[in-house]
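I opened my notebook and went through this one piece by piece. Here is what I looked up, in the order I looked.

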Number of protein chains: 2
Amino acid sequence: VALDELSIIERFFRPLAGEGAFGLLDDAALLDVPPGCDIVVTTDMIAAGIHFLADDPPDTVARKALRVNLSDLAAKGATPVAYALGIGLGPDMDADWLDGFAAGLKRDQETFGLRLLGGDTIAVPAGPVVSVTAFGCAPKARMVHRFGGRPGDLLYVSGCIGAAAAGLSLLTRAPGPWDALPPTARDALIQHFRVPEPRVALAAALAQYASAAMDISDGLAGDCDKLAAASGCTATIEAERVPLPSGLEGADETLLATLLSGGDDYEILAAVLPRNSTAFEAAADAVKIPVTRIGALREGEGRTEVLSAGRPLPLYRRSFVHGRDPKA
Amino acid sequence: VALDELSIIERFFRPLAGEGAFGLLDDAALLDVPPGCDIVVTTDMIAAGIHFLADDPPDTVARKALRVNLSDLAAKGATPVAYALGIGLGPDMDADWLDGFAAGLKRDQETFGLRLLGGDTIAVPAGPVVSVTAFGCAPKARMVHRFGGRPGDLLYVSGCIGAAAAGLSLLTRAPGPWDALPPTARDALIQHFRVPEPRVALAAALAQYASAAMDISDGLAGDCDKLAAASGCTATIEAERVPLPSGLEGADETLLATLLSGGDDYEILAAVLPRNSTAFEAAADAVKIPVTRIGALREGEGRTEVLSAGRPLPLYRRSFVHGRDPKA
């Protein structure tokens, strides 16, 4: 049986449609906004061979496509409500893959309380390519930005840093200390890469206490550069404070550099006024999200200073670049 | 010079960012909603080799990506305000193409009064793939749906039907009566395919007078089937009433079947209560958009009856399918 656009929508996506989507039977959807909220919008696209591996399980692809967007919303202090899905399917697409993909969407819709609003399903020469535009609600006028940080603000990260980079290294058989870990620890690292943990529950604490925040998607060092630059200052990170994945805590400087500049963490980097730090830590603790103070913003400009034992940590890269760069 | 994601955003897309986009320097955008409006959301994706030709001029690709979305909004009675842009760029991408693409976005932002809110730029194995999610405002509780039509409603189309199908035939060198047209007429058909004319100005008339509407993207016959089915009835179209492209008016039945089932018209199909028809026609005339009554909804179910000289017109297809279908 040929899977054309209409039958794909009917079979796999219609069961996921929520309020305002009109069963995906209309040209467009209605986005209802709870009173007292600002609508925060984010778009993230992922492509096979670039952001996920072609043989990654389809449910993890769906969940990653959603979660990278939910992570952006959380960093802005917004709670997710709905999303639009654009999906480009290559000629090798089959019903099994779509079944798994839809199951992943359904699972994370339930986990995070969001609904499918609409979208588009197209054929592409090489796929899958998944584009999600997600909608969240932030308390009125409380959206958190990358700008807004000030010298003296304390820098926090959620969770640990570098697990996804280690997981990708395992998947691509790049040798490293991860190879020596027990199988369960290796699986946990791979899972971090495939299915990141967006810090949705931290949104309210960020909206209340963060002066600036972003999600870490391209490496802690380079992303911290962006937050500091947007806030008109620079930053110091004390590498030994940065929480590392279980089993990799004793990282030497080379490994530390890899973990602190690897991609796909989808943890939160937040700047918090010192007088708000206790309240922020308590609010994070109340929603069971670990946050760790790793440094501070300071006067100046330029790249974040990453210190290890008081000396600058040599970083061979600041950021992880997904795929190869298009050429000029 | 390598064009990485950040430099592409800075050079080509930042100049297009509008209110709420924070200069594309943040993880997400703020979507402001004018009071008294419902937010209507639509997503349409287009891919090289499927929805446009790989050597189509990049400004027309950008404008088509926007316009297919604006067409959906117009059909729902919504006026466009903003959009999010996801773009996947293949390895052969260059700055000239992006220059042209950004110029096309800028031109249509000005034409239609909309702003870039945010988005994502990624590498893909084969591109470009462009995903636009567009936001429009409909008068509160007046969004127009595909459902809502009733037996007896008159069916209208805007503009003419089949110009884009003829234009695609010219571009792909499929022989037909378009070959005999003068160069300016042939160019006009090609332009219809590359840069459709979304009927944005018709949105208010639709919100006020249409009981159901949709944009015609996959062929008049098949799309009319969808509107009728969503409205719980069926339809009759009188083929000789359907306005055809200049130069193709004297179409025989074979050509008529091609034009009435071809894709990419991006005209509006609207169902209007007979008592509203005069007011609807006057409202369309006031915004200088030609609308033509082509048939009516009627009791029953099943496919639209397309009559030519009172007899069913043989249709070898109902709808145009972009690209090939993924396989089951």
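**Entry 1: a helix over strands.** I started with helix 2 of chain B, residues 58-75, and found it lying across strand 2 (37-47), strand 3 and strand 5 of chain B. Its direction runs at about 140° to strand 2 of chain B. A reminder to myself: this is a predicted model.

Entry 2: Which order do the strands take? I read it as 1(A)-2(B)-5(B)-3(B)-4(B), five strands in an open sheet with mixed pairing. At the edges I found strand 1 (29-31) of chain A and strand 4 (115-123) of chain B, each pairing on one side only. Neighbouring strands are turned by 25° against each other on average, if I ignore direction. I also checked helix 1 of chain B (residues 5-13), and that one packs on the sheet, touching strand 3 and strand 4 of chain B. Its direction makes about 150° with that of strand 4 of chain B.

**Entry 3: one pair of strands.** I zoomed in on strand 3 (residues 79-89) and strand 5 (residues 129-139) of chain B, which run antiparallel and are joined by nine bridges. What stands opposite L85(B) in strand 5 of chain B? I found V132(B) there.

**Entry 4: two helices in chain B.** Next I looked at helix 4 (residues 163-171) and helix 5 (residues 183-194) of chain B, whose axes are 7 Å apart and meet at an angle of about 105°. That makes the two helices of chain B roughly perpendicular. On the helix 4 side of chain B the contact includes A163(B), G167(B) and L171(B), and on the helix 5 side it includes L189(B), I190(B) and F193(B). I sorted the contact residues into nine nonpolar, two polar and two charged.

**Entry 5: a glycine in chain A.** Is G167(A) buried or exposed? G167(A), which sits in helix 4 (residues 163-171) of chain A, has a relative accessible area of 0%, so it is buried. Leaving aside neighbours within four places in sequence, I found G167(A) in contact with L189(A), I190(A) and F193(A). I also took the C-alpha separation between G167(A) and A185(A): 9.8 Å, with the two 18 residues apart along the chain.

**Entry 6: comparing the copies.** Last, I laid chain B on chain A: a turn of 180° and a shift of 0.0 Å along the axis give an RMSD of 0.0 Å. The two copies are therefore related as by a two-fold rotation axis. Of the residues of chain B, A126(B) comes closest to that axis, with its C-alpha at 2.9 Å. The same surface serves both copies, since 100% of the contact residues of chain B recur in chain A.

Key: Residues are numbered from 1 along each chain as its sequence is written. Chains are lettered from A and ligands numbered from 1 in the order in which they are written. This is a predicted model: local features need pLDDT of at least 70, side-chain atom pairs count only at pLDDT 80 or more; totals for chains, interfaces and linings use all residues. Side-chain values use heavy atoms; hydrogens and water are left out. Helices (H or I, at least four residues) and strands (E, at least two) are DSSP runs, numbered from the N terminus. Buried means under 20% relative accessible area, exposed over 50%, partly exposed in between (1.4 Å probe, protein chains only). Contact means heavy atoms within 4.5 Å. Axes are lines fitted to C-alpha atoms, for helices over the stretch in contact, and angles run from 0 to 180 degrees between N-to-C directions. Angles under 35 degrees count as roughly parallel, over 145 as roughly antiparallel, 65 to 115 as roughly perpendicular and the rest as oblique. Ala, Val, Leu, Ile, Met, Phe, Trp, Tyr, Cys and Pro count as nonpolar, Asp, Glu, Lys and Arg as charged, and the others, Gly among them, as polar. Two strands pair if DSSP finds at least two bridges between them. Copies are superposed by least squares on the C-alpha atoms of residues with pLDDT of at least 70 in both.
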